[in-house]
Amino acid sequence: MDLFCCGMYRSCSTWQYEVAMEVLAHAENRKVQPLGYLTGPEYARIERAHRFDGLVRVFKGHEGHPSYTRAMFRGKAYGLYAHRDIRDVIFSLMHKRNQTFQEIVRTGMIHQILVNDRFWRAHPQVLVQKYDEIMASPADAVSEIAEFLRVEISRDIALQISDYYSREANIHRIAMLRGMLTEKGTDLSDTENAQLYDPSTLLHWNHIRPQAESWQQKANAEERLIMQRMLGLWLDENGYAQDDLTDLKSAHLTGKSWRLDTAQGLLRCHSREFSARYDRISRPIKRLLGLGHSESRSKPAA
């Protein structure tokens, strides 16, 4: 069996990955094999999972892919998904990737978040958790994951797991990773190094901001208007408070600029989806056009 830890970016998907492996370690007659971070095409190329061999392969990813659907349809896979107010996701991505709001829009990340969200929620074999509820009561979230995975654990074990992977504990792990990279001479101000992560925990060196500010504290008038237009429907459907914009009565968007940015983002999102679905075709085309490194992705720290 395979377990996909496929949460929304910046929404506890790494925490779900860590917790799932700890929970499965308490299951009788099951072996756990961590696969780390895999893309859809990479998953499609590995050996298919077996339904009843007692081995559970756990991996982390974000984007959907037909190979995931096939595995779940055949009863050989299930998933853990977490979501969060996308406006906070956007500003967290800006910090982590060292990008501006406009760059996040132009690279299609907002469109991609919505596409991913629709994909994973469409599958009944996926447990959906809310970031705010995980943060408010992590032990309850651990117990919920254990129940979903059909592993019996006590309340004490759930508390131990939640403490071991608490925000404070992971901040300490991140500080150690950052120190190791700095000692090796890695330039952490270089955007190319913004997505280096520990191959064991999958935590990035800039994974958590100890003093994180919310989107309300960070967004300017134009950014708020753009987010409302792009995300208003999703926010309503998922119970997140709308930005009433009453303090922005005199603010307006310069139509051509933001429409071009969002159109470019949508094109990049569709291009990313096409590349993943038709990986064998797109790889040589990308090389021919010199686009092999056009999309940044997470990289394990050596």
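Let me start with C12, which sits in the loop between β1 and α1 (13-24), where helices (H or I, at least four residues) and strands (E, at least two) are DSSP runs numbered from the N terminus. Before I go on, please keep in mind that this is a predicted model, in which local features need pLDDT of at least 70 and side-chain atom pairs count only at pLDDT 80 or more, while totals for chains, interfaces and linings use all residues. Residues are numbered from 1 along each chain as its sequence is written, and side-chain values use heavy atoms, with hydrogens and water left out.

Most residues other than glycine have a negative phi. C12, however, has a positive phi near 80°, and with a relative accessible area of 14% C12 is buried, a word that stands for under 20% relative accessible area, with exposed meaning over 50% and partly exposed in between (1.4 Å probe, protein chains only). R150 also has a positive phi, of about 60°, although it is not a glycine; R150 lies in the loop between α8 and α9 (155-164) and, at 75% relative accessibility, counts as exposed.

Now to the strands, where pairing requires that DSSP finds at least two bridges between two strands. Strand β3 (residues 55-60) runs parallel to β1 (residues 2-5), joined by four bridges, and F4 stands opposite F59 in β3. Strand β2 (residues 31-37) also pairs with β3 in the parallel sense, over six bridges, with P34 opposite V58. Five of the six residues of β3 are buried.

What forms a salt bridge with R57? The partner is D2, with the closest N and O atoms 2.7 Å apart, a salt bridge being a side-chain nitrogen of Lys or Arg within 4 Å of a carboxyl oxygen of Asp or Glu. This pair links strand β3 to strand β1, with R57 and D2 55 residues apart, and both R57 and D2 are buried.

By that rule the count comes to seven salt bridges. Another one joins D261 and R106, whose closest N and O atoms are 2.8 Å apart, and this pair links helix α13 (residues 255-277) with helix α5 (residues 101-106), across 155 residues. Here D261 is buried, at 9% relative accessible area, whereas R106 is partly exposed, at 32%.

Finally, D247 forms a salt bridge with R224, at 2.9 Å between the closest N and O atoms. D247 lies in the loop between α12 (221-237) and α13 while R224 is in helix α12, so the pair ties together parts that are 23 residues apart in sequence.
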